[in-house]
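Okay, thanks for coming, everyone.

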Amino acid sequence: MPVSAEGSALRALRVLEAVGAPGGPHKLGRIAREAGVTKPSTHRILQGLVEAGYVLSGGDGTYGLGPRAFALSALFTSGQHDEPVLRRLREQTGQTVHVALRSGSQAIYVQKLDSDRPYRMASRVGGRIPLHCTAIGKAILAHLDPPGRQAVLAETGLPARTARTRTDPDSLEAELAQVRARGYALDDEENEETVRCVAAPLLDGAGGPVGGVSVSSLTFQTSAGELLTCVPHLLEAARLLAPAYAQPG
């Protein structure tokens with residue numbers, strides 16, 4: 001690697017480490033000071049990291065870790081330092097548990113704990129999911145303000161992933177109103193055939209959605225009614241997890 005490229009890479013890593021330092025989100029000046037990088041260079045690096053999804057930029061000039069940073073961390077720590085709240089949720093429900101964070105018009109899985117059942121799901125940490133037809137995605141969409149929701153759907157449309165995907169905007173909007181009212185979203189084979197999920201949003205201090213946590217099963221293992229019995233445990237897990245993932249956005 002050329003010295004200049006190596007130096008740029010190391011500066012970017014130091015900036016990312018400074019963003020993730022305890023006590024965040026952090027202002028530009030502090031990030032630059034902690035990283036040992038000039039403010040102009042730090043700002044340029046941060047803009048690239050924001051575009052790539054590793055950093056989230058707050059409206060007050062602060063920066064926090066983004067979904068791709070969480071996904072990368074989860075890849076390295078998978079099976080070693082599983083989140084206790086997620087382990088308890090898996091034990092309480094007996095189902096596969098996911099956490100995904102919003103990244104623009106999609107969400108990215110940052111945690112996955114498989115159930116002990118014989119069949120495993122194809123989802124993986126780092127994988128991207130649509131918002132209009134997944135439980136976590138609908139939990140996110142439901143809690144965006146109307147302009148934010150319209151911007152996402154204008155960008156992505158409502159492509160049919162299965163025969164059960166909602167592709168009519170009015171129908172989806174009516175469902176999202178129900179999601180807001182009851183506190184959880186359901187994906188009943190709308191993104192993948194034979195996969196059924198229920199999810200709750202992860203909300204920041206202002207009530208905005210940063211992601212969601214879900215409980216998932218295969219349709220031939222768990223009925224929709226059985227999956228909905230997991231909702232109280234799911235809502236409690238979402239309440240406990242939200243502060244850990246609520247970054248500026």
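This is a predicted model: local features need pLDDT of at least 70, side-chain atom pairs count only at pLDDT 80 or more; totals for chains, interfaces and linings use all residues.

Residues are numbered from 1 along each chain as its sequence is written, and side-chain values use heavy atoms, with hydrogens and water left out.

When I say helix or strand, I mean DSSP runs numbered from the N terminus: H or I of at least four residues for helices, E of at least two for strands. Two strands pair if DSSP finds at least two bridges between them.

So, back to that pair. E2 and E3 (residues 62–65) run antiparallel and are joined by 3 bridges. Leu-56 sits opposite Gly-64 in E3. The hairpin of E2 and E3 has 4 residues between the strands, and Gly-61 there takes a positive phi near 85 degrees.

What's the order of the strands in the open sheet? It's E1-E3-E2, 3 strands with antiparallel pairing. E1 (26–27) and E2 (55–57) are the edge strands, each pairing on one side only. E1 and E3 pair over 2 bridges, and Lys-27 has Thr-62 in E3 as its bridge partner.

Next, helix H2, residues 28–35. Its buried residues are Ile-31, Ala-32 and Ala-35, where buried is under 20% relative accessible area, exposed is over 50%, and partly exposed is in between, with a 1.4 Å probe and protein chains only. Looking down the axis of H2, those buried residues fall within an arc of 95 degrees, so they line one face; the arc is taken from the directions from the helix axis to the C-beta atoms. The face of H2 turned away from the buried side carries exposed Arg-33 and Glu-34. After H2 comes Gly-36, with a positive phi near 70 degrees.

Last one: H6 (residues 135–142) packs on H8 (residues 169–182) at about 85 degrees, axes 9 Å apart. That makes H6 roughly perpendicular to H8, a label for angles of 65 to 115 degrees. Axes here are lines fitted to C-alpha atoms over the stretch in contact, with angles from 0 to 180 degrees between N-to-C directions. In the contact (heavy atoms within 4.5 Å), H6 brings Lys-138, Ala-139, Leu-141 and Ala-142, and H8 brings Leu-172, Glu-175, Leu-176, Val-179 and Arg-180.

Terms used
Angles under 35 degrees count as roughly parallel, over 145 as roughly antiparallel, 65 to 115 as roughly perpendicular and the rest as oblique.
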